[in-house]
Amino acid sequence: MPVESGVFCRSGILILHSLIDSRYHTVSINRKETFRKNFTRMNSLLKSLGDYMKIEMKNIRKSFGSNDVLKDVTLSVQGGEICALLGENGAGKSTLMNILGGVIPMDSGSILIDEKEVDFETPVDSQEAGIAFIHQELNLINDLPIYENMFLGREIKTKKGSLDLKQMYDKTAEIFKQMNVDLDPGRMVRDLDASYKQIVEICRAMMTNASIIIMDEPTTSLTDTEIERVFAMMKTLKENNVGIIFISHKLNEVKEICNRYIVLRDGNLVSVGNVSDVTKKDLASYMVGFDVRTESLRRVAGNEEVGNEILRVEGLTDSRHFRDINFSIRAGEIVGITGLLGDGRSELFQAIFGADHYETGKIFLEGKEVTIKSTSQAIKKGIAYLPRNRKENAILKDMDIIENASVVTWSMFSKRGVIDSSRHRKLFEEQRDSLRIKMGDMTDSITSLSGGNQQKVVLSKWLAANPKVLILDNPTQGVDVGAKEDIYDIILKLADENIAIIVLSSEAQEIIRVCDRALVMYHGVIQGEVRDEMMNEQTIMRLATGGELGEEKGVHQL
Amino acid sequence: MIPNKQPNLENASPGKKTFVGWFKHKWSNDPLFSILIALIIMVILQTLTLGFDYNSFGEWFQAWTNNWINILRNNAGVGIVALGMTFVIMTGGIDLSVGSTLVITGAFAMYLLDTGAQGILSAVGITGVPAIILTIILVLAFGYMLGALIGVSITKGMVPPFIATLGAMMIFRSVTQHFAQGYNTKVPVEFLQISSFKIGNLMIMPIIYWAIIACILYYVSKRTTFGRQIIAVGSNERAAKLSGVNINKVKLRVYALMGLLVSVAAIIQVSRIGSMDFSNAGRGMEMDAIAAAVVGGTNMLGGRGYILGTVYGMLIIAVMNNLLNLFGVPPFLREAFKGVIVIVAVLLQRKEKTA
């Protein structure tokens with residue numbers, strides 16, 4: 001009886017799963033046939049420690065529209081090594097891996113496995129060739145036990161057609177034993193911490209006879225002990241002649257676990273070599289290049305007349321995202337906050353803005369301590385927050401341009417609850433001209449605008465509220481070059497109008513060009529502050545990957 | 001009319017000048033246009049079915065008007081509830097409890113009004129017109145409070161709207177049936193005037209209430225902070241929150257408004273008949289209200305919704321019921337037609353969106 005009810009639940013979830021990922025649906029039959037073969041092959045692979053796979057990617061080119069993402073990249077990876085794939089955001093790492101994983105096609109070039117050319121048209125082709133791609137968002141179903149997750153889409157069935165739960169359980173246990181994983185296959189996936197989920201994914205990849213595993217930033221959401229667990233697993237794989245391509249921003253980890261590195265910059269392969277031959281500093285400079293600093297937009301030093309302190313934060317802590325944050329910002333200043341994925345900067349400023357909560361710490365506005373419990377309170381007190389991911393966090397897709405530009409100030413301008421639309425219109429007309437928003441009619445849908453103009457509309461709604469502190473989270477995300485420059489101009493102009501501006505960005509370039517000084521965050525703490533000549537990509541990258549500033553001059557500790 | 005044959009640059013832009021162009025333009029740009037066309041077709045059908053077998057135009061007009069007054073009056077209560085439901089759905093929620101709220105507020109009104117032994121107001125010595133006015137105020141307040149209670153459990157308690165209102169639906173009816181079953185009231189005649197007061201020999205008071213409330217809510221949805229914030233919340237809750245919209249307050253007020261409108265419907269119903277059948281009154285009301293909103297172009301996922309569309313939607317369903325009645329379709333089959341209408345309406349709107 002429990003078995004049968006299990007089948008019922010399973011089939012329901014399977015349907016769901018196949019909706020999410022239809023490839024399971026189409027290949028499940030094929031997979032079931034090949035599974036047993038794969039399973040035994042994997043066993044022999046693990047035992048023999050003999051032959052290992054070699055992947056070569058030659059002259060890979062890929063462009064999206066006029067944007068060349070990969071320009072003639074050639075590289076190779078083989079079993080038994082852990083190879084770090086490094087590069088800044090937008091360097092082409094994920095495009096390259098998506099080509100290898102069969103997710104997107106390349107424009108030209110070739111992929112060779114053991115000197116034989118292969119053609120990956122779908123992710124399944126790539127998987128069957130022995131390449132497993134573990135994405136950042138794990139592909140596990142929380143409501144099923146581990147052993148059922150291990151066999152998703154290629155379930156073992158009894159002759160009657162019901163699931164052979166026992167066999168699936170035993171096989172999972174067997175693999176765990178071989179991989180030195182101390183885990184009960186019957187546990188529910190939801191009860192696992194992030195590192196064990198990662199490990200289950202890896203074991204599942206092993207079950208599909210993977211010889212090369214691509215891991216896309218597997219450690220971003222893990223704690224230090226969890227990272228150790230995953231690293232131990234990776235070492236086991238390495239000993240078993242499996243190759244791993246490890247995408248990470250954290251140079252500490254690269255130094256610890258990897259034996260080779262590949263650095264991409266702007267779609268070019270800039271450096272390949274053994275990790276033991278280089279320092280972290282070298283790697284950081286490979287990633288950003290040496291002559292990256294373009295002309296700074298900052299106002300000439302000495303001409304900076306910053307006003308009084310507007311916002312001060314003391315010891316702000318939320319154990320999940322950020323710890324012991326201290327900083328202060330004056331009127332007319334532009335302060336950058338940067339770091340890599342998982343540094344907690346968005347969460348920090350959403351907490352200051354009242355959208356999320358914090359556990360301990362104090363916030364002072366113009367010298368007075370304030371408690372901010374909601375976003376409307378924050379707005380009344382003069383804080384504005386332009387969120388990242390415009391589409392999810394800022395755009396009201398069912399509303400028109402003028403409404404998107406006035407949502408913040410509706411209640412401010414209204415008389416007895418009635419919207420003062422003429423005032424909104426007048427204000428927006430001024431802003432349309434000063435922000436140079438290219439648009440048709442005010443009552444056109446917001447989605448009719450380009451990304452840059454949408455962002456300007458979102459910005460205009462905050463300017464309408466007359467903020468004292470303007471927090472801009474990734475303000476140039478998904479914005480074309482022209483609009484980007486416009487937004488920089490606007491930021492500088494607003495600072496001249498004595499607004500304290502905070503720019504959150506993962507692009508060091510952006511911070512260097514626009515900000516007076518920058519705080520660099522790493523894993524929820526402010527790792528250091530840079531300004532003047534110390535504010536360069538190398539230093540920022542070193543801090544963002546967990547390095548220290550050292551005793552160089554120009555350093556201002558808080 | 002012969003179209004202007006001289007070359008006209010304004011005509012170069014598609015549509016608007018010729019009827020077909022205008023029609024196409026409206027069809028793809030005005031979300032309520034297709035609903036209005038559907039309604040007009042239904043009304044023409046209904047008029048044809050009614051026939052012209054009368055001695056004079058006056059007599060035919062009399063019959064036609066009477067038929068229409070009947071349709072509108074019978075649907076005024078649900079029509080009012082559907083308006084509130086539109087707001088609820090626009091926030092991305094749903095309210096299944098309306099039928100039960102109708103019964104519990106109706107029972108409350110009857111207990112207040114009763115001139116007999118169990119009457120609450122008469123027991124404390126308030127009778128006549130003051131009692132009626134007080135009853136109206138208390139019943140409205142009661143409905144508002146019940147709605148607010150549901151709203152609190154949804155916002156503060158984080159109970160999904162479907163569950164919260166499903167629970168309320170069971171609780172309200174069950175409690176009412178337990179305490180009030182078999183209760184016969186003597187509702188004062190003056191109270192019955194609320195619905196049955198005649199204007200020029202026509203019993204149209206419920207229709208007037210419906211029209212007034214529709215106008216007010218239309219204004220609220222278009223012009224007030226509350227109305228636009230409803231759309232903002234339903235369109236993108238996260239963005240609304242990050243724009244300083246107090247999403248919990250908006251949702252709470254929407255459910256409270258829903259309760260208030262249901263209590264208006266309850267007052268209309270009690271004053272029309274003078275009593276209420278606690279086990280059957282309001283059954284299926286939530287589905288009719290949802291159907292009207294959906295036919296009227298409201299998006300079940302929230303964000304998009306039209307008060308005017310809901311009025312059209314209600315009328316379409318009402319006219320169709322009337323048509324089925326005139327055709328003599330057996331009662332059990334009528335629900336099926338309603339179902340078809342709802343699905344077809346949504347299909348039509350979908351096509352519009354992708355076109």
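Predicted model: local features only at pLDDT ≥ 70, side-chain atom pairs only at ≥ 80, totals over all residues.
I would like to begin inside chain A, where the side chains of A:Lys166 and A:Asp170 meet in a salt bridge at 3.0 Å, N to O, a salt bridge being a side-chain nitrogen of Lys or Arg within 4 Å of a carboxyl oxygen of Asp or Glu. Residues are numbered from 1 along each chain as its sequence is written, chains are lettered from A and ligands numbered from 1 in the order in which they are written, and side-chain values use heavy atoms, with hydrogens and water left out.

Returning to that pair, A:Lys166 and A:Asp170 both lie in helix 6 of chain A, residues 165–178, four residues apart, which is about one turn of the helix; helices (H or I, at least four residues) and strands (E, at least two) are DSSP runs, numbered from the N terminus. A:Lys166 is exposed, with a relative accessible area of 60%, whereas A:Asp170, at 36%, counts as partly exposed. Here buried means under 20% relative accessible area, exposed means over 50%, and partly exposed lies in between, with a 1.4 Å probe and protein chains only.

How far apart in sequence are the parts that A:Arg229 and A:Asp193 tie together? These two residues form a salt bridge whose closest N and O atoms are 3.0 Å apart, and because A:Arg229 lies in helix 8 (residues 224–239) of chain A and A:Asp193 in the loop between helix 6 and helix 7 (194–207), the pair ties together parts that are 36 residues apart in sequence. A:Arg229 is partly exposed at 27% relative accessibility, and A:Asp193 is partly exposed at 26%.

Another pair in chain A is A:Lys468 with A:Glu366, a salt bridge in which the closest N and O atoms are 3.6 Å apart. It links distant parts of the chain, 102 residues apart, with A:Lys468 in the loop between helix 17 (451–464) and strand 17 (469–473), and A:Glu366 in the loop between strand 14 (360–365) and strand 15 (368–370). A:Lys468 counts as partly exposed at 35%, and A:Glu366 is partly exposed at 45%. Elsewhere, A:Glu333, A:Arg517, A:Glu529 and A:Arg531 are linked in a network of salt bridges, and over all chains a search of the whole structure finds 26 salt bridges.

Let me turn to the interface, where 21 residues of chain B are in contact with 29 residues of chain A, contact meaning heavy atoms within 4.5 Å. The two chains bury about 1,900 Å² between them, 52% of it on carbon and sulfur atoms, where buried area is the accessible area (1.4 Å probe) that two parts lose on being put together, summed over both. B:Thr225, B:Leu242 and B:Ser243 supply 30% of the area that chain B buries against chain A, more than any other three residues.

Which side chains meet in a salt bridge between the chains? The count there is one salt bridge, and it joins B:Arg228 and A:Glu403 at 2.4 Å, N to O. On the side of chain B that touches chain A, the elements giving two or more residues are helix 10 (205–223), helix 11 (225–235) and helix 12 (237–242) of chain B, and helix 11 gives the most, with six residues.
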